[in-house]
Amino acid sequence: MTAQRARRQEAPARVTITTPPHPHLGHPVRHRTDGRTGTITGQLVEHLSLSDTLWRRRVFIRPLGGGIEFEADPTDLEPL
């Protein structure tokens, strides 16, 4: 079984994805685990389609000094 196929099996069968603006969009934050800092550029919110239960929320951060955007769990972020 390929890695891509294995990843597909981990996710629930039906997921709806929305991109509402994050409440701190454009504000600087620090990642609590590794100390990286950056500005929130967006988020993806995924819900299970049948029950509308929140499955996963991903926040995207652009490093303050420039570099490659990274993603984080919102609970790992704190405002600067």
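This is a predicted model: local features need pLDDT of at least 70, side-chain atom pairs count only at pLDDT 80 or more; totals for chains, interfaces and linings use all residues.
Modeller: Let's start with a definition: two strands pair if DSSP finds at least two bridges between them.

Colleague: What makes β2 and β3 a pair?

Modeller: Strand β2 (residues 28-31) and strand β3 (residues 37-48) are joined by 3 bridges. The requirement is at least two, so they count as paired. The two strands run antiparallel and form a hairpin with 5 residues between them. In that turn, Gly35 has a positive phi of about 80°.

Colleague: How do you know that β3 pairs with β4?

Modeller: By the same test: 9 bridges join β3 to β4, and at least two are needed, so this is a pair too. These strands also run antiparallel. Thr39 comes up again here, with Arg62 as its bridge partner in β4. This hairpin has 5 residues between the strands, and Asp52 takes a positive phi near 60°.

Colleague: Why is Arg58 called buried?

Modeller: Its relative accessible area is 18%, and the cut-off for buried is under 20%, so Arg58 counts as buried. Arg58 lies in strand β4. Leaving out residues up to four places away in sequence, Arg58 touches several others, including Gly42, Gln43, Leu44 and Glu71.

Colleague: And why is Gly66 called partly exposed?

Modeller: Gly66 has 45% relative accessibility. Buried would need under 20% and exposed over 50%, so Gly66 belongs in between. You will find Gly66 in the loop between β4 (54-63) and β5 (70-72). Gly38 is 28 residues away from Gly66 in sequence, with 8.6 Å between their C-alpha atoms.

Colleague: What makes you say that a charge sits over the ring of Phe70?

Modeller: The charged end of Arg36 is 3.8 Å from the centre of that ring and sits over it. The distance limit is 6 Å, so this one passes. Arg56 lies over the face of Trp55 at 4.8 Å from the ring centre, which is also within 6 Å.

Colleague: How many aromatic pairs does a search of the whole structure find?

Modeller: The search finds 0. A pair would need ring centres within 6.5 Å.

Colleague: Where is confidence lowest, and where is it highest?

Modeller: Helix α1 (residues 3-10) is lowest, with a mean of 49, and β2 is highest, at 96. Over residues 4-8 pLDDT stays under 50, and the model has 1 contact for them beyond four places in sequence. For the protein, the mean pLDDT is 82, and 81% of residues reach 70 or more.

Technical notes
Residues are numbered from 1 along each chain as its sequence is written. Side-chain values use heavy atoms; hydrogens and water are left out. Rings of Phe, Tyr and Trp (its six-membered ring) pair if their centres lie within 6.5 Å; planes under 30 degrees apart count as stacked, over 60 as edge-to-face and the rest as tilted. A charge sits over a ring if NZ of Lys or CZ of Arg is within 6 Å of the ring centre and within 35 degrees of the ring normal. Helices (H or I, at least four residues) and strands (E, at least two) are DSSP runs, numbered from the N terminus. Buried means under 20% relative accessible area, exposed over 50%, partly exposed in between (1.4 Å probe, protein chains only). Contact means heavy atoms within 4.5 Å. pLDDT is the predictor's confidence in each residue, from 0 to 100.
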